[in-house]
Amino acid sequence: PLMESYSVYSNEVTALILSVFVNLFLMAFEKETQIPENYGIKPRDLLYYTFFAVYITMWTLFVDIFLLNCQELIHGWKVYDYVSYQKYRFSVRETRWMMDSRVLDESIAEPMQTLDLMCFSSQYYFVNSLYAMGTFIGMFGITTFIRWDYIIFSDQALMLICCIMFVFGDLMQRFLKFLADRKFRRIGWRGLWVTKQIEGTVDDDVAAKLAIGEGRQADLEQERLELQALNSERFRHRFLERNRPWILQHLVELLTPESLETIGPDGRPVVEYIRDVYAELMAMGEGARRPGDRSDISSDEDEEQGPAKDWPREPLQGASLAIARLWLGKARKRRAFWKLITGIIDANKDTTCAICKRTTQMGAKMLVTLATNGNADPYAIDRLILGFETQYSPTEKDANLWRAYFRANAEFITRCDRCVNELEKAKLDRDARKPGAGARTRPGDISTEESDDEVAFDPMVVVRESGEGRMMSKWLNAARRRLGGEFPRPDARKQMERYAEKMRKRKLKGGKKKIAGEKTHDEEMDEAAAKWIVKINA
């Protein structure tokens, strides 16, 4: 609906601007066409019509700004965002003439694909105006023939006139192409509709802005950071890894049999190069290592992904695929339905807080949310969507019907920022586990000494003045403040001795009897043998 509506608006704007040139054409060829005379329009009145067309054009465009904003509010169409995106697409196009591009967006309805390819750019309005003026001039020519009873096929100079017009049109086309390719460095003109890939780069644009002084400093800094990121090898590798499924899926659409049969710069057929790239993309994965990487050194991707790197990567099938599609459909529906009602929620914002009765005149900032039985409920939108599906149908997606149901069943509550902060703080305190709180320990939950052996650590000496000592002291003081009471505890010495005994037993069990101070049987025999005195009578 957005594209169709905007295409109609673009045609109306084109007709509005061309009306001025139509009036000028009628003024210049008033006697030949005889249109003003047949309609009783005087030459002075036709001049007034032309002035009115020029005057009304500016005010019509000014009023259209408000009409387009009303469309955004009523229908939820992001007209400005869509036009900005089309402008960006036109600026980063690969071909100089948009109609030369063979890649169409198949997600759009087929009659609208070519329209979307033109991006509502200057080329689109040029083609639109050219065909419109051609239609007008052709109609005026036929009208002139009829008014003057001229039969074109009885004219002996018809073929000569046609040849002259074809030659003149071809020469004019060559001349206009020459002007389009002409460069004027002094005024910064690089040619008509020249792409950045053909002439200039992003660096040249940034340098030009720095030299001329266009744009804000923040915009220039953002462009510099984006340029630095695009030129980074790390960014390119991450882009390939993140978008590997999409690239493999659309790789067939980008390749044609003619392009595969050509010879690349390295002398090999392009099909072999594509085969190698396809193999590398298939082998590339999230957290996958490249040839030559050491196995004992982890990569940044391994640390960032965590457990996700061990998830299966096979395509979902059966019940798993059905569950995933069901979840995705519900998530998309929830997101789309929420966008449709954001304006309604904001319109129900009150000037008085429903909890503390503060008002906006007292400097309070009000926040409105959905509620259930007078209390704020973050899951109210889910219950409303469920009720909507129950009343109508799970497949019903009519925007107006959803808004009507929402207005009739939704509850709202307005709270100030202070009340929201206090409620969030109380929720955090309620969720936090207090020291000693929790469920009572059952006999089966008590661990034995054998299980505690794994958590016993060897003693070590930490200097208090060192960084580690200060950090551990900070942790110790924080833990004592949270536990409360006096320190050291009365049974602290007994706990320390019990822990030392547990460590000693662990060392004995692990074969460290000598460290624990216990002598083995062989050592005792050696010491006893050293003290033996043997007397031999010769």
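Guide: We will take helix packing, salt bridges, cores and backbone angles in turn. This is a predicted model, where local features need pLDDT of at least 70 and side-chain atom pairs count only at pLDDT 80 or more, while totals for chains, interfaces and linings use all residues. Residues are numbered from 1 along each chain as its sequence is written, and side-chain values use heavy atoms, leaving out hydrogens and water.

Visitor: At what angle do helix α16 and helix α17 pack?

Guide: Axes are lines fitted to C-alpha atoms, for helices over the stretch in contact, with angles from 0 to 180 degrees between N-to-C directions. Helices (H or I, at least four residues) and strands (E, at least two) are DSSP runs, numbered from the N terminus. Here α16 (residues 318-347) and α17 (residues 380-391) pack at about 100°, with axes 11 Å apart. The two are therefore roughly perpendicular (65 to 115 degrees). Contact means heavy atoms within 4.5 Å. Among the residues making it are Arg-334 and Phe-337 of α16, and Asp-382 and Phe-388 of α17.

Visitor: How many salt bridges does the structure hold?

Guide: Side chains of opposite charge can pair when their charged atoms come close. A salt bridge is a side-chain nitrogen of Lys or Arg within 4 Å of a carboxyl oxygen of Asp or Glu. The structure holds seven. One joins Arg-334 and Asp-382 (2.7 Å, N to O). Arg-334 is in α16 and Asp-382 in α17, so the pair ties together parts 48 residues apart in sequence. Another joins Arg-174 and Asp-170 at 3.0 Å, N to O. Both lie in helix α8 (residues 158-181), four residues apart, about one turn of the helix.

Visitor: Which residues have the most contacts inside the largest nonpolar core?

Guide: In soluble globular proteins, nonpolar side chains tend to be buried together. A nonpolar core is a set of buried Ala, Val, Leu, Ile, Met, Phe, Trp, Tyr and Cys residues joined through side-chain atoms within 4.5 Å. The largest has 18 residues, and Met-3, Met-98, Leu-115 and Phe-120 have the most contacts inside it. Its largest share, five residues, comes from α1.

Visitor: Is Phe-120 buried or exposed?

Guide: Buried means under 20% relative accessible area, exposed over 50%, partly exposed in between (1.4 Å probe, protein chains only). Phe-120 is buried, at 10%.

Visitor: What is the phi of Phe-120?

Guide: Most residues other than glycine have a negative phi. Phe-120 has a positive one, about 50°. Phe-120 sits in the loop between α6 and α7. Lys-357 also has a positive phi, near 65°, but Lys-357 is exposed, at 56%.

Notes: Angles under 35 degrees count as roughly parallel, over 145 as roughly antiparallel, 65 to 115 as roughly perpendicular and the rest as oblique.
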